[in-house]
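Good morning, colleagues. I would ask you to look at the model on the screen while I describe its pockets, its nonpolar cores and a few local features.

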Amino acid sequence: MQYPPIIDLHAHSTASDGTYTPAEVAKLAKTIGLAAIALTDHDTIDGLEEFQKAGAALGIETITGIEFATLWGKHHRPEIHIVGLGFDPNHPVLSERMKDIKESRDIRNRKMCEKLSSIGLHITLDEVATNAGGEIITRAHFANVLLQKGYIAKKEDAFSRYISTGLPGYVEREFLTPELCIQTIKEAGGAAILAHPTLYGLNMEQLEELCGELIPCGLDGIECQYSTYSPAETKAITALAEKMHLLPSGGSDFHGKNKPNIHLGSGKSNLAIPYSFWEELKKRTKK
């Protein structure tokens with residue numbers, strides 16, 4: 001019996017918060033028999049060149065991707081994620097957006113170092129950057145440095161005592177709007193997808209409201225298959241996609257050892273994303 005080709009449209013590498021390099025993600029996808037793989041690192045496209053070179057050498061279709069973090073201003077102001085697929089990574093509008101995100105991130109990281117130092121936890125941005133090792137600096141890297149310097153007994157203490165919302169070392173990050181993220185993806189020639197909608201603390205009526213706002217901005221699809229979905233959630237999101245005339249997408253949200261129970265391609269053994277999802281989404285791209 002011949003099975004239809006399977007893909008994964010949501011995966012991360014060391015360019016953001018995964019533990020596999022971009023080339024290793026492509027190699028793993030090839031090894032397990034995926035027909036195509038998208039690299040969708042958080043707020044960065046730094047891994048895409050290595051990823052696509054590896055894919056070309058291995059003979060697997062590699063899809064350019066990104067996962068933007070945004071803030072929706074309604075209800076409890078949830079952080080929502082927009083995945084871009086199949087865009088031109090060299091498009092100037094994308095380069096400009098990456099520059100804006102980096103500058104905003106650098107300002108936040110510097111302020112967090114200053115706030116922590118002001119309460120006696122003396123760490124420098126250089127120390128945090130060294131710990132990140134070229135990856136995007138996250139609060140986890142701050143926690144690592146605080147632990148290394150003996151300011152906390154365990155990594156979790158950093159988040160419970162210092163660097164979570166409302167605590168003395170925390171600085172709120174600046175977010176792009178969902179509309180601007182979608183606009184950027186579309187201008188760069190890609191398809192825009194609402195990622196893992198069940199994770200935002202919104203009910204189905206509110207998710208429909210969100211989609212209704214984003215569709216006029218250019219939203220193309222929604223993740224109908226995802227590692228943490230129950231069968232009922234998969235059914236509900238698929239029905240929402242059909243109702244809102246959104247194309248289905250799906251992915252594991254693979255992070256390597258940082259999410260050890262989530263496997264590339266298969267998630268928690270509950271995924272089998274058909275290549276037809278990408279065939280339809282590809283029609284929305286300019287590549």
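I begin with the largest pocket, whose volume is about 1200 Å³. A pocket here is an open set of points on a 1 Å grid over the protein atoms alone, where a 1.4 Å probe fits, with protein on both sides within 12 Å along at least five of seven lines; lining residues have an atom within 4 Å of a point. Grid points are joined across faces, edges and corners, and the volume is the space filled by probe spheres set on them. The lining of this pocket counts 39 residues, and the closest to its centre are Arg108, Ile137, Thr138, Arg139 and Arg173. Two or more lining residues come from each of strand E3 (61-71), strand E4 (79-85), helix H3 (92-118), helix H5 (139-148) and helix H6 (155-161). Helices (H or I, at least four residues) and strands (E, at least two) are DSSP runs numbered from the N terminus. H3 provides the largest share, 6 residues. Asp, Glu, Lys and Arg count as charged; Ala, Val, Leu, Ile, Met, Phe, Trp, Tyr, Cys and Pro as nonpolar; the others, Gly among them, as polar.

A word on the basis of these values. This is a predicted model, in which local features need pLDDT of at least 70 and side-chain atom pairs count only at pLDDT 80 or more, while totals for chains, interfaces and linings use all residues. Residues are numbered from 1 along each chain as its sequence is written, and side-chain values use heavy atoms, with hydrogens and water left out.

The second largest pocket holds about 360 Å³ of space. Of its 17 lining residues, Thr44, Asp46, Lys102, Arg105 and Ile136 are the closest to the centre. H3 and helix H4 (125-132) are the elements that give two or more residues to this lining, and H3 gives the most, with 6. Here the division is 8 nonpolar, 3 polar and 6 charged.

What, then, of the nonpolar cores? The largest has 64 residues, and those with the most contacts inside it are Ile37, Phe68, Ile82, Leu85, Leu194 and Ile222. Such a core is a set of buried Ala, Val, Leu, Ile, Met, Phe, Trp, Tyr and Cys residues joined through side-chain atoms within 4.5 Å. Buried means under 20% relative accessible area, exposed over 50%, and partly exposed in between (1.4 Å probe, protein chains only). A second, separate core of 17 residues includes Cys113, Ala132, Ile137 and Val171.

Two backbone features deserve mention. Aspartate 43, in the loop between strand E2 (36-39) and helix H2 (48-58), has a positive phi of about 55° although it is not a glycine. Aspartate 253, in the loop between strand E7 (247-251) and strand E8 (273-274), likewise is not a glycine and has a positive phi of about 65°. Aspartate 43 is buried at 7% relative accessibility, and aspartate 253 is buried at 3%.

How many aromatic pairs does a search of the whole structure find? There are 2. Rings of Phe, Tyr and Trp (its six-membered ring) pair if their centres lie within 6.5 Å; planes under 30 degrees apart count as stacked, over 60 as edge-to-face and the rest as tilted. Tyrosine 20 and phenylalanine 254 are edge-to-face, at 5.2 Å centre to centre and 65° between the planes. Tyrosine 226 and tyrosine 229 form a tilted pair, at 5.5 Å and 55°.
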